[in-house]
Amino acid sequence: MRGDGRIAWPLVGVFVAIHAIALSNALRHDPRVGYDAENHLKYVETLSVFRLPSPEDTAEFYSPPAPYLAPALARALGLTSGSAARFGLILNVLYSVGLTCYLMKICERARPGADDLKLASLGLIGILPVYYRTFAFIRGEPLLAAAAVFVAHEAIALFIDGDRRPMRTIRLGLGLGLAILSRQFGLLLVPAVGALAVAQAVRRPQERAFHLKRAAAALALAAVAGGWFYAHLGLRHVSAGAFSRTVVRDTSLSNNPLEFYVDLGLDKFFTDPVRNAFPNRLIPTFYSDVWGDYWCYFLIYGKDIRRGKFISGYDLGEILEKKPWPGWLETNRDSMAAYLGRVNLVSLAPSAVLACGLALGFASAIRSAMAGGDGRTRLLAFLFVIVACTAAAFVWYLAAYPSPQKGRGIKPTYVLQIFPFLCILAGEALVRLKQWSLRAWRLALAALSLCAAHNLPVLFTRTTL
């Protein structure tokens, strides 16, 4: 957190604020509330007796084990299931610390000695509700996102900055292994890293052997470190791509109707962006869950006052669809709806900044492919390729496992790993805006600051024990 040899105190302040909020959520959020939370906790219980789960143990049997190891060990050492889960949530905060530190390291490689890119990128991460919500869940994406940023940093150091130390290759391979042992979407880092190595080999023919050998070594190490789990799935469950849902026979974008891709759901987008408002609509559902809590697992709660137990997500959605609501239900669904509509409105500003970052990344990828560009251009292009690979795989996933009535797979948490890279790209866009027009930069900063102030309550969980 240094710039020009000094401590950058604004950067320290943003870093501390992010993790103070994340720690608050880790200490307060009910770990039984989250996407498929029950099955993730069952995974921990099964792993705590030193056994990989089967479909009979949990519907998450196909998930790699790395994110569950620490809470499972805590459980094996005698902690209660609740305390072990709480330990896992606190560990997520440490993953966030690692993620943000390596995010700043990438920014340092892009603009050595400067504060502005680090501060812009970290600030954008800090106003993303989906970031805090995901880090308050027991599941694989927090560790995967941290591993992804680490992998990106090591790949940049090795292939763009030319760090020839063997340890750099080992770190890259182990980071990739950890990523694919965290969640299947970690596999999408492999083509991005491979593409970077090949591009550098083509750009510098005299160093072709170095780049290709180091890439092969890193990928081989990743296969050894993480590939065993997929071999286990293949041997035990017929396919290395085993899943708890059945893939449709012919995976095609047409498995979802045209409305899935283009409908904006404007009738409720700014007034009631809560579960069941946008049945199987990609854009409004994804957007509303990035900036709010469309699926009702973090901010919007339902509680059975007879038992004092939260009802969240799917079960709450089923209850809320039918009125009048039962007398035993306590919920903030109606009181939060209008506010989350305003959140969607003011969040158009940071969304536009992220879109500009994505466009900048695309332009950098084109420039890098055509003319090579400088190191910063190639770095931005690499980050864009990571985002593009993950986004393409996410769309394929939604086509392979469609949910025609609800669109239940449309969860930005599943692709959390793209957001740190989007924030760096958007941070670079803000830096260039500042260089082009100080007045325009100040207007953008004011809009982002107002959005952050308005959306601050969205960063804190309401589903507390």
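User: What should I know about the model before we start?
Analyst: It's a predicted model, so local features need pLDDT of at least 70, side-chain atom pairs count only at pLDDT 80 or more, and totals for chains, interfaces and linings use all residues. Residues are numbered from 1 along each chain as its sequence is written, and side-chain values use heavy atoms, with hydrogens and water left out.

User: OK, at what angle do α4 and α7 cross?
Analyst: Roughly 25 degrees, with the axes of α4 (residues 81-110) and α7 (residues 141-160) coming within 8 Å. That makes α4 roughly parallel to α7; angles under 35 degrees count as roughly parallel, over 145 as roughly antiparallel, 65 to 115 as roughly perpendicular and the rest as oblique. Axes are lines fitted to C-alpha atoms, for helices over the stretch in contact, and angles run from 0 to 180 degrees between N-to-C directions. Helices are DSSP runs (H or I, at least four residues), as are strands (E, at least two), numbered from the N terminus.

User: And which residues make that contact?
Analyst: On α4, they include Y95, L99, Y102 and I106, and on α7, L143, V149, F150 and I156 are among them. Contact means heavy atoms within 4.5 Å.

User: What's the make-up by class?
Analyst: The contact of α4 with α7 has 14 nonpolar, two polar and three charged residues. Ala, Val, Leu, Ile, Met, Phe, Trp, Tyr, Cys and Pro count as nonpolar, Asp, Glu, Lys and Arg as charged, and the others, Gly among them, as polar.

User: How do α7 and α9 cross?
Analyst: At roughly 10 degrees, with the axes of α7 and α9 (residues 189-203) coming within 10 Å. So α7 is roughly parallel to α9. A148, V151, A155, F159 and I160 in α7 meet L189, V193, L196, A197 and Q200 in α9. By class that contact has nine nonpolar, one polar and no charged residues.

User: Is Q200 buried or exposed?
Analyst: Q200 counts as buried, because its relative accessibility is 2%; buried means under 20% relative accessible area, exposed over 50%, partly exposed in between (1.4 Å probe, protein chains only). Leaving aside neighbours within four places in sequence, Q200 touches F159, I160, H211 and R378.

User: Which residues does L178 touch?
Analyst: Apart from neighbours within four places in sequence, L178 is in contact with A66, L143 and A147. L178 sits in α8 (residues 166-180) and counts as partly exposed at 35% relative accessibility.

User: Switching topic: how many disulfides are there?
Analyst: The count comes to zero disulfides, where a disulfide is a pair of cysteine sulfur atoms within 2.5 Å. For C451, the nearest cysteine sulfur, that of C423, is 12 Å away. C451 counts as buried at 1% relative accessibility.

User: Which residues are joined by a cis peptide bond?
Analyst: K323 and P324, with omega about 5 degrees. P324 is in the loop between α14 (313-320) and β5 (329-331).

User: What's phi at N276 and at C296?
Analyst: Near 80 degrees for N276 and about 65 degrees for C296, positive although C296 is not a glycine. For context, most residues other than glycine have a negative phi, and most peptide bonds are trans. N276 lies in the loop between α12 (266-269) and α13 (282-291), and C296 in the loop between α13 and β3 (302-304). N276 counts as partly exposed at 25% relative accessibility, while C296 counts as buried at 1%.
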